[in-house]
Amino acid sequence: MLDTLISSLLTVLSMQHILYLAGGVFLGLMIGIFPGLGGIAGLSLLLPFLYGMDPISALAMLVGLVAVIPTSDTFTSVLMGIPGSSASQATVLDGFPMAKQGHAARALAAAFTASLFGGLFGALMLTVFVLIARPLILAFGSAELFMLTLLGLSMVGVLAGNSLVKGISACGIGLLLGSLGAAPATGEYRMSFDNTYLMDGIPLVVVGLGIFAIPEIIDLLRQNRAIAEAAALGSGWIEGFKDVIKHKWLSIRCAVLGTLIGALPGLGGSVVDWIAYGHAVQTTKAKDNPQFGNGDVRGVIAPESANNAKEGGGLIPTLLFGIPGSGSMAVFLGGMVLIGLEPGPAMVGAELGTTYTIVWSLALANVIGAGSCLLLSKWVARLTLSPYALMAPFMLMVICFAAFQATRSLGDLVALLGIGVLGVLMKRFDWPRPAFLIGFVLAGGMETYLYQAVQFDGWSFLTKPGVLIIAAITVASIYFAVRTKPADKTNDSDGTTDTQAATEAPRRRASNLRPQIVFAFAVVGLFGYGLYDALQHSFLGGVFTAGLCAFMLVMSLIVLVKLLRGRLEDPVNFDNEVEAGYSTDNSITSLPHYVYWLTGLVLGCFLFGYLIAIGLFFVVFLLLKARTSIIKTLSLTGVALAFLVVLSHLMVLDMPRGLLQEMVQLPWPLS
Amino acid sequence: MKHSNSTLFSLSARTIRPLVAAIACASALSVTLPALAADFDGARIEMTMPFKEGGGTDTWGRFYAPLIGEQLPGQPIVVVKNIPGGGSTSGANQFQLRAKADGRDIFASSGSTMFPYILGDKRVKYEYKDWTAILASPTGGVVYISSDLGVKNVADLAKLKGADLKYASQGATSLDLITLLSFEVLGLDVKAVFGMKGRGEARLAFERGEVNIDDQTTSGFIKKVQPLVDEGKAVPLFSWGVLGKDGKIQRDPTFPDLPHFVEAYEMVHGSAPSSERFRAWKSFFVAGYAAQKGLFLPKGTPDDVIQAYRESAAKAIAVPGFKEKAEDVLGDYDQAVGDEAGMMFAEAVSMDDEAKAWVVDWLNTKYSAGLQNEE
């Protein structure tokens, strides 16, 4: 045992190993900094080179790459409000407000220190945990996993914002969208209108980018200024470092959460950050002056500590059972097989040395990755001072590129636009988008595990000890959520909403409720249609969505009725156009304006293909909106397009083709 | 650096290609030239992979890509182009529609691509009969049960009548169709629980005791189920077997002591199978195991290109040390090349109407699969 530990440690610390590891780390940093690309893109760039490499070096590169994705994706989450990957969605909630207040460097430093700490602590925990993980994973059957999805859903209570019924309805929209496509029990296609794209369900990447990134980009463009409201960057990175030291216990608890939840196959990483965030909100007492949603550094530390620890946890089912917990773990697994490592029980037996090499490489990669990000953050934070009109086309280009990375079809862009519009409206009317996303992420698992648990054990699964324990934790979690909520909900912004309503100034209330009523009516209609659709299917194929829609119909009708009664002081009333003063401020562009721009881009892709459309978009946008000179416009466009072409060539990715390409044979890369 | 080079090469190759094609056409019309040997010097060959990065077929394709590339004339780079979606039908549709018949586009097919084709799924817009097979990789698998059921081997199968059997499956029209169909043919009453994301998850359900009958492919069985057998928790029943050159099913060389499926059938029913159910089973068995993964060239590929590919595949698997290298990815099975591969795929996709009607009806009534019957 001891010699295994020592020989693994020596392998990890050998020069060759560190060099390859660092190579993987830097590739991961470069890929991870682009929102939505994440681990799968990086690994697929790496895969062709793995074959024929010496296994230890290949493994070092793989681990290095996987480890730093949840580190570098923090840049866009904090600086631009765009979740870099599903692992850092919760970071947006407080990281971005901090950046807006000019504390970008502090937020980044806190995030990277927390990442580093979480990753190291996670690896330490794994060293012991890996030995006892097998029975633990075997104890989590479908019944227990179903209960865990309920625990995840209970976080909606924490993230619901001002109005609980609106929060639940938003979560319901997410659940319904998440159950689009093939039913787990029968494979029947729900709500997919015979459309091949919808049959597969909407990819998480597209939903995450649409619901957070698009509304943020549009909002910033409308205000036509830099991200940071302050002219200079306020607090520096030393402070962020101190923040983590101050909240070290929060960081440790979240790292433990991350490792454990990450280790459960099937539920995996996508909810870890939300659970950690919810945990931070629940355990912060009122006397500690919580500012969650408005730039509380604890809201950055918690998810970032958890999401790096999660990668380590995610290794356990991958190595021990050959079951990848996430998309990037699936590619990691493929890479392992290519270099001749087969996962299985032997990984904690005869191959224990390899397992430890992987675990500690992960820790080392975290040190290198978070360390370099920390050093970079001071400079990268300056991006928040540059005018947004100059950055927007780049962001849109990368987001579209990342979106169609998901299934490589034009459908991804249309879905991105659709979800983006939904996000814009939800942001405007304060239907909490985190609640929506949690619903979306958990929908599939919730239905599948419930169905399987009932099939395996009948309804008596509810009396299994594991189920009862998780139920108790869920109840406790709801209790804490209620306790930490301020008593007078009607008066002040609750702090957990993702709106940017002024905290001190008296709130402006919308007096024209028409737009909100129309949106609420549409939501009711959506659940009505969901119910209708569910009734067209067999019992097992429709029962989940039918029950969901029936319940959500009630919730959304309550919202609608409250709005129709016209009581302005009711917490359901929220219209960001009024609250943020946009409707009275002439310097703010109208809301649909940039939605039209985006629609134009997607339409352009349909006609001319992605590459030509984005090129045209760049030129027109920069000339009209950023008002750059012709030369600058053309050179910026050229750089952007060259980047796209090279990246897609390396990734062996065909960019979406339009009608033009279908009719005329164009030379590469236009084809 | 290597990559920027290949970009330049492929760029120039692409620009002159129409010209070459035009000359080739013109000359083909006038005189019959001796077949020009295919040359892929500096080319980039794209292997369309209808799955996401990381899965079994992707790993298989990435294993073969460099091996085939280095044996082709001109030693081109073979890259893998993942086009996931629609349960692998999207990538196949795109290949059917867009692949150029000059040897620069090849397709990696799996049983999951063949099944919807065989079943007449409405998403399928590709035609296997248009394509030319280069290579077929077989795999095997073993069906095993929990030792709690008190069955020692397949001869005791009759004891299972009335037992509460559960099987964790990815879906009735997935590769698990073969297993579900086997239970039906053997007359075993097994309750299928769907929604698993892979055979690995299903095996986990078995280990947890949530289900008591399961199957795994050869590599999964050896690495992860054999330890359970050794501990006395699982009992292997039968293997699927392998397809012999005579078209008959033989024992799997990896599991010489286990009876294959047809033997199991004979033990249970006392006679050799012949019904439409068995014919359906056999087609799916060939598509799902005997020729599970394959490489194809698109419709209209010139003979010299086909020849070059078939020769390179034959050379790639004959390279000394190939078997050892391939062990983890391919298992211990003979790879089929050229006409042999073509014949296997032909057998897989040519199920007779009676068998097909039966299987579609069975899937629809038993598992609400919602398939359309052709009548």
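Asp194(A) forms a salt bridge with Lys122(B), with 3.5 Å between the closest N and O atoms. The model is predicted. Five salt bridges are counted between chain A and chain B. Polar contacts between the two chains come to 16 residue pairs, with both residues at pLDDT 80 or more.

Several helices of chain A build the side that touches chain B. Helices H3 (38–50), H7 (104–139), H10 (196–199), H16 (327–338), H18 (388–407), H20 (433–457) and H27 (630–650) of chain A each supply at least two residues to that side. H20(A) gives the most, with six residues. By residue class, the side of chain A that touches chain B holds 28 nonpolar, 16 polar and nine charged residues.

The contact involves 53 residues of chain A and 54 residues of chain B. Together, chain A and chain B bury about 4,600 Å² between them. Carbon and sulfur atoms account for 55% of that area. In chain A, the most area is lost to chain B by Tyr51(A), Phe456(A) and Val652(A). These three residues together make up 15% of what that side buries.

Salt bridges were also counted over all chains. The total is 43. One of them joins Arg190(A) to Glu447(A), whose closest N and O atoms are 2.8 Å apart. This pair links distant parts of the chain, the two residues being 257 residues apart. Arg190(A) lies in strand E2 (residues 189–190) of chain A, and Glu447(A) lies in helix H20 of chain A. Side chains of opposite charge can pair when their charged atoms come close.

Chain B contains an open sheet of six strands. The strand order is E2-E1-E3-E12-E4-E13, and the pairing is mixed. Strands E2 (77–82) and E13 (336–337) of chain B stand at the edges. Each has a single partner strand, so one side of each is left without a neighbour in the sheet. Within the sheet, E3 (residues 105–109) and E12 (residues 293–297) of chain B pair in the antiparallel sense, over three bridges. Ala108(B) has Leu295(B) in E12(B) as its bridge partner. Helix H10 (residues 303–318) of chain B packs on this sheet. Helix H10 of chain B touches strands E1 (44–49), E3, E4 (132–137), E12 and E13 of chain B. The direction of this helix makes about 15 degrees with that of E4(B).

Note on methods: Residues are numbered from 1 along each chain as its sequence is written. Chains are lettered from A and ligands numbered from 1 in the order in which they are written. This is a predicted model: local features need pLDDT of at least 70, side-chain atom pairs count only at pLDDT 80 or more; totals for chains, interfaces and linings use all residues. Side-chain values use heavy atoms; hydrogens and water are left out. Two strands pair if DSSP finds at least two bridges between them. Helices (H or I, at least four residues) and strands (E, at least two) are DSSP runs, numbered from the N terminus. Contact means heavy atoms within 4.5 Å. Axes are lines fitted to C-alpha atoms, for helices over the stretch in contact, and angles run from 0 to 180 degrees between N-to-C directions. Buried area is the accessible area (1.4 Å probe) that two parts lose on being put together, summed over both. A salt bridge is a side-chain nitrogen of Lys or Arg within 4 Å of a carboxyl oxygen of Asp or Glu. A polar contact is a pair of N or O atoms within 3.5 Å; within protein, one must be able to donate a hydrogen and the other to accept it, and residues adjacent in sequence count only if both atoms are side-chain atoms. Ala, Val, Leu, Ile, Met, Phe, Trp, Tyr, Cys and Pro count as nonpolar, Asp, Glu, Lys and Arg as charged, and the others, Gly among them, as polar.
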